[in-house]
Amino acid sequence: MKITESQEMYLETILVLSKQGDVRAIDIGRAMNFSRPTVSVAIHNLEKDGYIKISPEGNITLKASGLKIAETIYERHTVLTEILVQLGVSEKTASEDACKIEHDISQETFDCIKKHISNTPSLTSK
């Protein structure tokens, strides 16, 4: 089953929110600026597809398959944002553009970008 860009966004959001504590559907809705019904449907589908687990208390956690996807997307987002900022793009625009690129870029291209920046002193990560 192929994961959609929307599902990737939800998984990435869950990952980011989980770094701050427990994650509930309402937190996801606030972070993504989506309505409660929209989040409810998406969360149900992610659970059905085996990417997340929802506790009886409503806490949402990533399963191994969801975590792998979320970490991949988050890494792409952070690396692409950093590169764009270093090129002179504003932080806000860089993050928005990285969000668009992160879902469509091939793994081969992303790996080459990471290799290139690791060999370019001015673009090396902190």
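Buried means under 20% relative accessible area, exposed means over 50%, and partly exposed lies in between (1.4 Å probe, protein chains only). The views below show a predicted model, in which local features need pLDDT of at least 70, side-chain atom pairs count only at pLDDT 80 or more, and totals for chains, interfaces and linings use all residues. Residues are numbered from 1 along each chain as its sequence is written, and side-chain values use heavy atoms, with hydrogens and water left out.

**View 1. Cysteines Cys99 and Cys112.** Cys112 is partly exposed, at a relative accessible area of 47%. Cys99 also counts as partly exposed, at 22%. The structure holds zero disulfides, a disulfide being a pair of cysteine sulfur atoms within 2.5 Å.

**View 2. The aromatic pair of Tyr10 and Phe34.** The structure holds one aromatic pair. Tyr10 and Phe34 form this pair, with 5.9 Å from centre to centre and 45° between the planes, and it is tilted. Rings of Phe, Tyr and Trp (its six-membered ring) pair if their centres lie within 6.5 Å; planes under 30 degrees apart count as stacked, over 60 as edge-to-face and the rest as tilted. The partners are 24 residues apart: Tyr10 belongs to helix H1 (residues 5-18), and Phe34 to the loop between helix H2 (25-32) and helix H3 (36-48). Helices (H or I, at least four residues) and strands (E, at least two) are DSSP runs, numbered from the N terminus. Tyr10 is buried, at 2% relative accessible area, whereas Phe34 is partly exposed, at 38%.

View 3. From H1, Met9, Tyr10, Thr13, Ile14 and Leu17 meet Asp27, Ile28, Ala31 and Met32 of H2.

**View 4. The surroundings of His77.** His77 is found in helix H4 (residues 64-86) and is buried, at 14% relative accessible area. Leaving aside neighbours within four places in sequence, His77 is in contact with Glu12, Ser95, Ala98, Cys99 and Glu102, where contact means heavy atoms within 4.5 Å.
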